[in-house]
Amino acid sequence: MKNFAQLMATTAAAMMLFSCSSDDNTVPGGNSGDGSTLKATMGQLTPDGDIFPSAPSTRTTLGASKEIKWVEGDSINVFDGTQNRRFNVTTVSAEGTSCTFAGTPLGDGNAATRYVALYPYSMKSTYSGSTISGVTLPYVQKAVTDGFDPACNLMTASADVGSNLEFNHVCSYIKVKTDFDCSGLTLTAEGQKLAGDFDIAVGTDGTPTVQNITDASDHVKLVGDIKAGTWYYIAVLPGTYSQGIKVQLEAATYKDAIEWTNSRAPLTSYSLSSSNALTTAQAKIKSLGEMKKDALGRATKYIDFV
């Protein structure tokens, strides 16, 4: 799976994002009884308010109406109780909101009656009981215009053989934009677990529960060409960040830095923080709003930072 997910837009529009109506879910072939072909759709992502109020190896993409679309080349893990199998997209609906995956038949012969799936595909992941192990949310993430890192739209699903897979989002998403170009953006929640390695307990309806987080990071960094006036999304593990958050922005070029008087060096890094506790939830999007520089070139917001 390459080039991943391009997601979402404004908070107002986000209420309408990522839903897949029954009219969109017709894909030729459907699911086979032996599990060699699987039909899949995605759950909904919804906004969860602004944090700072102000005056998508996968290839899902963002459509003109801001819906997530499957793309040929997408791959998933399918666990049938005996093996970790790779299934690849073979057919995508005209709207792109549903697709058919194909792979080797599930189970020994036609023995499998139920399967669990993980998206995007991960060679290292394993499944036992009701738990997927060996899952990673990277703490260094690629900045994708109006979207998020290809490796970070983690989703799970569970279904009987012959039934459709409805994927559920594992992560929370925080979106931000600035009024100046940046080469990096770091989100920190001191002492908390924003990313790392973990297990996912998968309910019979595919609902994921993050467990046993190890090698955890209390920060996530977006790297790449971050353009002014464009939304970027940061995938984080759901949780309550009791110490608040800090955002550090790195100006992209010297011309974006501050030309200080009295021979002082130009400022190229800007930090903003809030001590207010923050809670994020699965399949929810919180907004940082737009980070701006004031008349002196310092990063600022429409609220008080402490």
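**Exercise 1. The surface**
Find the accessible surface of the protein in this predicted model, and the share that belongs to carbon and sulfur atoms.

*Solution.* Start with the total: the accessible surface comes to about 12,800 Å².

**Exercise 2. Burial and secondary structure**

*Solution.* Begin with the chain itself: the protein has 306 residues, and 49% of them count as buried.

**Exercise 3. The cysteines**
Work out how many disulfides there are, and then decide whether Cys 152 is buried or exposed.

*Solution.* Step one: two cysteine sulfur atoms must lie within 2.5 Å to count as a disulfide. By this rule, the count is 0. Step two: take Cys 152 as a case, where the nearest cysteine sulfur belongs to Cys 171 and is 7.0 Å away, and Cys 152 is in no disulfide. Step three: a residue is buried if its relative accessible area is under 20%. Cys 152 has 0% relative accessibility, so Cys 152 counts as buried. Cys 99 is buried too, with a relative accessible area of 0%.

**Exercise 4. Rings and charges**
Which rings have a charged side chain over them, Tyr 121 for Arg 86 and which one for Lys 175?

*Solution.* Look at Arg 86 first: Arg 86 lies over the face of Tyr 121, 4.4 Å from the ring centre. Now move to Lys 175: the charged end of Lys 175 sits over the ring of Trp 231, at 4.4 Å from its centre. To finish, count the aromatic pairs: a search of the whole structure gives 3.

Technical notes: Residues numbered from 1 in each chain as written. Predicted model: local features only at pLDDT ≥ 70, side-chain atom pairs only at ≥ 80, totals over all residues. Heavy atoms only, no water. Buried < 20%, exposed > 50% of the residue type's maximum accessible area, 1.4 Å probe, protein only. Areas by Shrake-Rupley, 256 points an atom, 1.4 Å probe, with all protein chains shown as cover. Phe/Tyr/Trp six-rings, centres within 6.5 Å; stacked < 30°, edge-to-face > 60°. Lys NZ or Arg CZ within 6 Å of the ring centre and 35° of its normal.
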